[in-house]
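Reader: I would like to learn how to read side-chain links and surface patches in a model. Please take me through one case.

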Amino acid sequence: VRSAFGYTDDIELASYERNCPELDNIDGDDFIKVWATGIGHQTYSTSIGGTNSVPAFKIEKVELVKKG
């Protein structure tokens, strides 16, 4: 399931935020636990000219469970 995660309550800003200090030491193979608050949905344009909507979440806390 695709989702949008960010650090603000604003759906538009959350999906474009690229500075996520909580994720600085997280690698692609790591296992993490995320506490997040649902803030609606994010709609975006697809490469074939359509649109898609995904759930949007505000990250409250991230915990490293295991390094991959």
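**Salt bridges and a surface patch**

Author: Leaving aside neighbours within four places in sequence, Asp30 is in contact with Asn25, Leu64, Lys66, Lys67 and Gly68; contact means heavy atoms within 4.5 Å. This is a predicted model, where local features need pLDDT of at least 70 and side-chain atom pairs count only at pLDDT 80 or more, while totals for chains, interfaces and linings use all residues. Residues are numbered from 1 along each chain as its sequence is written, and side-chain values use heavy atoms, with hydrogens and water left out.

Reader: Where is Asp30 found, and is Asp30 buried or exposed?

Author: Helices (H or I, at least four residues) and strands (E, at least two) are DSSP runs, numbered from the N terminus. Asp30 is found in the loop between α1 and β2. Buried means under 20% relative accessible area, exposed over 50%, and partly exposed in between (1.4 Å probe, protein chains only). With a relative accessible area of 13%, Asp30 is buried.

Reader: How many salt bridges does the rule give?

Author: A salt bridge is a side-chain nitrogen of Lys or Arg within 4 Å of a carboxyl oxygen of Asp or Glu. The count by this rule is two. In one, Lys67 pairs with Asp27, and the closest N and O atoms are 3.0 Å apart. That pair links distant parts of the chain, with Lys67 in the segment after β3 (51–66) and Asp27 in the loop between α1 (11–16) and β2 (31–45), 40 residues apart. A salt bridge also joins the side chains of Asp30 and Lys67 (3.0 Å, N to O). Asp30 lies in the loop between α1 and β2 and Lys67 in the segment after β3, so this pair ties together parts 37 residues apart in sequence.

Reader: What relative accessibility do Lys67 and Asp27 have?

Author: Lys67 counts as partly exposed at 44%, and Asp27 counts as partly exposed at 46%.

Reader: Which backbone atom lies 2.8 Å from the side chain of Asp30?

Author: The backbone nitrogen of Gly68 lies at that distance from a polar atom of the Asp30 side chain.

Reader: Which residues make the nonpolar surface patch?

Author: Patches are made of residues with over 30% relative accessible area and no salt bridge; like charges are joined within 9 Å, nonpolar side chains (Val, Leu, Ile, Met, Phe, Trp, Tyr) within 5 Å. Here Phe5, Leu23, Ile32, Val34 and Leu64 make a nonpolar patch of about 370 Å². Of these, Ile32 lies in strand β2 and is partly exposed, at 36% relative accessible area.

How values were computed: A polar contact is a pair of N or O atoms within 3.5 Å; within protein, one must be able to donate a hydrogen and the other to accept it, and residues adjacent in sequence count only if both atoms are side-chain atoms. Accessible areas come from the Shrake-Rupley method with a 1.4 Å probe; for residues, only the protein chains shown count as cover.
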